[in-house]
Amino acid sequence: RIARKHIHCRGDIDMLTIPLLRIYESLIPPEEEKEKQRQLLISLEKLVVNEWPHAHLFLFGSCANSFGVSNSDVDVCLVLRDADIDKSEILLKLAEILQSANFQNVQALTRARVPIIKLKDPVTGVSCDICINNVLAVVNTKLLRDYAQIDVRLPQLAFIVKHWAKSRGVNETYQGTLSSYAYVLMCIHFLQHRDPPILPCLQETKIVTYHKIVDNIECAYFDQVEKLKTFGSDNKESVARLVWGFFHYWAYCHDYANTVVSVRTKNTVSKRAKDWTRRIGKDRHLICIEDPFETSHDLGRVVDKYSIKVLREEFERAATILQTYPNPCEKLFEPF
Ligand code: GTP
Ligand code: MG
C-alpha cells in the first residue's frame, strides 16, 4: 500500500468532469418530487396535530440535507414536547391514525434501535419513515445542508459517491457497510483537507451563530454560510480530480489503524484519544467516522472484519478504474 500511496493522478483527469457532472445532474430530484414531499408533510401534519396539538413535524435526512437523489424515501421526525413519552405507545397510536387515513403499507417498527413507522402515501406514491424526538438528526441535517451551500463541489462529489456506493452495494449498514450520512461526512472531511481547503470547519470558526442544546449535547457552529461562498475559490480542482482523490485517499492514504475522520475540527483526531482502538461489544472501530455533534458515536461502528475488506477493495477498485480506464464512468458504477 505504501508504495502506491504517492502515485499521481492521470494527466487527462479533468476530461472526466463532463461525464461525471452529467451523472450528477441526472440524479438531482426534479422540482415536482420536492413538491410531492412537501404535500406529504402537510397531510401528515394535519393528522398529527389533530391528536397531539403541540407536536411538530420536521423533515430530515436526504430529503432535507440537499444530498438527496431522485426517488429517495422521506425521513420525518415527530417532535413532542414531553420528554418522558413512551415512544412505542405513540408510534402504535400514530400507526392506527395513519391506517385510518388510508396510508398504505403502514408498519410500526417499535423494537428497532431507532423506532419508526414506515408508510407509503397513495396520493403522491412517496415512501416515508417517521421517528420520534430524534432532534439531533434534524440538527445534523441542517449542518449538512449548510455545508452544501458553501461550494457546489461538495454536492457534486457526494452525489457521485452515494451513487457509486448504492451501485456497488456498499451503502447497507445492516450488511456492515456505511450509511449515506457517513459517506457525506467523509466527503466533507476530504474537502476540508484539500490544499487550499474547499470547505471550512463550521464548528471551529470563532463566531457561533447557531446554538442549540439537544439531549444534553451542545450543537454550536457558524451557520451564516452565504458569507462563505468564496471560501473554496482559491482551490481550482475539478470534480473529476476530487472524485479520484476521494477514492485514492480511502484506498491508499487514510490511516485506518490510528485516525478518526472528524468534520468538527481540522486537527487530527486519534483513535487512542477516543478509546476507539479495540473492540467494545459489537463495535470494532475498524473505520472511525465521528458524528459531528454526538462525538461519542462512531458511524463506522457497523463495519466488521469482513465488510472492512469489501469497503477497502471497493475504494481501490474505484481509484484504479478512474486512474486507468479511457471511459471509466460505466465501469465505476457497474452493479456489483
Ligand atoms: P439516503 O436515504 O440514502 O438518500 O440518505 P440519507 O441522508 O437519508 O441517509 P441515512 O438514511 O443514512 O440517514 C438519514 C438521517 O439520519 C441522516 O441524514 C442523519 O441526520 C441521521 N442519521 C443516520 N445515521 C445516524 C446515526 O448513526 N446517528 C445519528 N445521530 N444520526 C444518524
Ligand atoms: Mg433517508
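**View 1. Strand β5 and its covering.** In this predicted model, strand β5 (residues 127–132) is mostly covered, with 5 of its 6 residues buried. Buried denotes under 20% relative accessible area, exposed over 50% and partly exposed in between, with a 1.4 Å probe and protein chains only. Strands (E, at least two residues) and helices (H or I, at least four) are DSSP runs numbered from the N terminus.

**View 2. The neighbours of β5.** Strand β2 (residues 74–79) pairs with β5 in the parallel sense over 5 bridges; pairing requires that DSSP finds at least two bridges between two strands. V74 has C128 of β5 as its bridge partner. Strand β4 (residues 116–120) runs antiparallel to β5, joined by 5 bridges, and K120 is partnered with S127 of β5. β4 and β5 make a hairpin with 6 residues between them, and G125 in the turn has a positive phi of about 80 degrees.

**View 3. Helix α4.** Helix α4 covers residues 135–150. Of its 16 residues, 13 are buried, so the helix is largely enclosed by the rest of the structure. The end C-alpha atoms are 24 Å apart, which agrees with the 22 Å that 16 residues should span at 1.5 Å a residue; the expected span is 1.5 Å times one less than the number of residues.

**View 4. Surroundings of ligand 1.** There are 20 residues around ligand 1, of which N140, K162, K166, S180 and H297 come nearest; a residue counts as near if one of its heavy atoms lies within 4 Å. A polar backbone atom of S62 is 3.0 Å from an oxygen atom of ligand 1.

View 5. Strand β8 (residues 259–261) pairs with β9 in the antiparallel sense over 2 bridges, and T259 stands opposite S270 in β9.

**Notes to all views.** Residues are numbered from 1 along each chain as its sequence is written, with chains lettered from A and ligands numbered from 1 in the order in which they are written. Local features need pLDDT of at least 70 and side-chain atom pairs 80 or more, whereas totals for chains, interfaces and linings use all residues, and side-chain values use heavy atoms, without hydrogens and water.

Key
Polar contact = N/O pair within 3.5 Å; in protein donor to acceptor, adjacent residues only side chain to side chain.
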